[in-house]
Structures are given as structure tokens and as C-alpha cells.
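Please find below a short note on the model, arranged as numbered points. Each point takes up one feature that can be followed in the structure.

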Amino acid sequence: MPELPEVEALKDFLTENLVGHEIVRVLPVAVSVLKTYDPPVTALEGHEVTAVRRHGKFLDLETGGGPHLVTHLARSGWLQWRDRLPDGPPRPGKGPLALRVALETGAGFDLTEAGTQKRLAVYVVRDPREVPGVARLGPDPLADDFDEERFARLLAGERRQIKGALRDQGLIAGVGNAYSDEILHAARMSPFKRTAALTEEEIAGLYAALRTTLTEAVERSRGVAAGRLKAEKKSGLRVHGRTGEPCPVCGDTVREVSFSDSSLQYCPTCQTGGRPLADRRLSRLLK
């Protein structure tokens, strides 16, 4: 799933390639992709893109005098830029194409989604805050005013495992499964540590890991073409998706805990005092 660093890079890429250009056609291909109907997608046509913004994991295309096109790529969605779109309208079918946006230059982009679970979402709205997922977002962890004190206040009201808190978009915007693993590895903290048990020193270390991990990931992604961002993300991850490989810090074997629809990765030596976590749905530290 694209998270804050990849969506930030897509925002920069689209700012460079979209702003100042006119949207001449928006073609929904998959019925499930559109989550709004008023305004219609045709309301975007004839308007110039004036800005591209990021709200957590949401991309927001702002048009002058027209509505916003807001997109959430979900788990399997992606944006594919084309310097020249194919002639003729796309054919609806079983392929990954979900929506196409064409510019006056003949260039544009496709929103695609692989797999059978269709969660890619597109909203055409007058204000991005009309999108429920945007309206409920917590603060952006890379914002200038997101300091350690604010982070500590957010965690103070939580009574759950830190992994879940970091992934909660209503608490902190933009962090998902992959970067929460990376942040916790950098902070040398168990994903199942309770937020209520965190000391001031641990909160300070976690905040530093959060900011550093995301900032470095954004810098790695900056200037990378949209088509190469997935590979760039994977290459920069230390533990997430690397089950069975050696930890780059201590050399211990990276382990995994699997759930019904996701998994997490961690290093026992770095994060859990050498104790492996039980790989079962309601995971706890082995005693």
C-alpha cells in the first residue's frame, strides 16, 4: 500500500506534470471506483489543474473554478503516468484499469488496481473535507507543528498496542503497515508494547524514529518517476517484507507475525529483548 512517502512523491510528480494543464476527459472504467456522484466526474472537464496536495494517504487534485479530484490508492491501487494516452476510450473489462484522466496535451494518467478486492476510491467533491477519510485524519507527522510534545499528547489518550496506534489515520495521518514496522524497528520497540506503558524517554525515541524514518523515505522517493516508486519503497525497507533475512542492524533473523489480512515484521534482538513473538492472530509475547 502506498503510504505517506510514496504519496508525497506522487504529489510532487503530479505537481510537475499536471499543474497548468486542462483536464479534457475523465473516464471511469470500473463502476466501484467512484464514491460520489454530485458533482459528476464531467464537472472536472474543461478546468485547469491549479494544485496537487496530499492529505495523509489521499491525493487531491485542485482545479481552478471546478471541483477536487481526491484519490485513495488503498492496498493495491496505483497511478500510471502516460506521456501519450491510447487513442479511443478504454474498454471496460476484467483488467486493472479503473479510471483515466486525459489532458489537453494528450498526456494523462490511469488509476489501476490489481487483485480481486476493489478498494481504490475516487471522490469528486467541492471541498476535500467532504471525503469522510480526509475529514477524520489526524495531524500530519511531517508538519512543522508536529513536535514531540504534540506527539506525546496524542499517545497520552491511547490504551492499546503501539503498532495499532501508529497505523490509526485518525490519530496520525499517513503511516501504514510498512512504515510502522520500520519506525518501531528504528525505535527498538516491540510492536505490541502498550502505549500506556511508554516512558518519556521511549516517547522521545519513538518520535525521533517517526520523523527520521518518514523524512528519509520521502527524500529517497523525491524525483523518482511514478512507475519506479514501488521498487524504491521496497529497497529502502529494513524489516518490513523481509521475513527470514538478516536484520541490517544486528544480524538476527527478521521474523513475522501473521494476521487474517496482513502481517508485521520485526527483529527480536532489536525490539523484543531476543524473545520471539507468537505468530498467531491474537499475538502475545511467548512466556
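**Note on the predicted model**

1. The largest pocket holds about 860 Å³ of space. A pocket here is an open set of points on a 1 Å grid over the protein atoms alone, where a 1.4 Å probe fits, with protein on both sides within 12 Å along at least five of seven lines; lining residues have an atom within 4 Å of a point. Its volume is the space filled by probe spheres set on the points, which are joined across faces, edges and corners. The model is predicted: local features need pLDDT of at least 70 and side-chain atom pairs pLDDT 80 or more, while totals for chains, interfaces and linings use all residues. Residues are numbered from 1 along each chain as its sequence is written, and side-chain values use heavy atoms, with hydrogens and water left out.

2. Among the 33 residues lining this pocket, Met1, Pro2, Lys57, Ala74 and Arg75 are the closest to its centre. Helix 7 makes the greatest contribution to the lining, with three residues. Helices (H or I, at least four residues) and strands (E, at least two) are DSSP runs, numbered from the N terminus. The lining comprises twelve charged, eleven nonpolar and ten polar residues. In this division Asp, Glu, Lys and Arg are charged; Ala, Val, Leu, Ile, Met, Phe, Trp, Tyr, Cys and Pro are nonpolar; the others, Gly among them, are polar.

3. Alanine 74 also deserves attention for its backbone: its phi is positive, about 55 degrees, although it is not a glycine. This residue sits in the loop between strand 4 (68–72) and strand 5. Because its relative accessibility is 5%, alanine 74 counts as buried (buried is under 20% relative accessible area, exposed over 50%, partly exposed in between, with a 1.4 Å probe and protein chains only).

4. Arginine 188 likewise has a positive phi, near 55 degrees. It is found in the loop between helix 5 and helix 6 (200–221). With a relative accessible area of 49%, arginine 188 is partly exposed.

5. The peptide bond from aspartate 38 to proline 39 is cis, with omega near 5 degrees. Proline 39 belongs to the loop between strand 1 (23–28) and strand 2 (49–55). For context, most residues other than glycine have a negative phi, and most peptide bonds are trans.

6. Rings of Phe, Tyr and Trp (its six-membered ring) pair if their centres lie within 6.5 Å; planes under 30 degrees apart are stacked, over 60 edge-to-face, and the rest tilted. By this rule there are four aromatic pairs. The rings of phenylalanine 13 and tryptophan 81 have centres 5.8 Å apart and planes at 80 degrees, so this pair is edge-to-face. Both residues, phenylalanine 13 and tryptophan 81, are buried.
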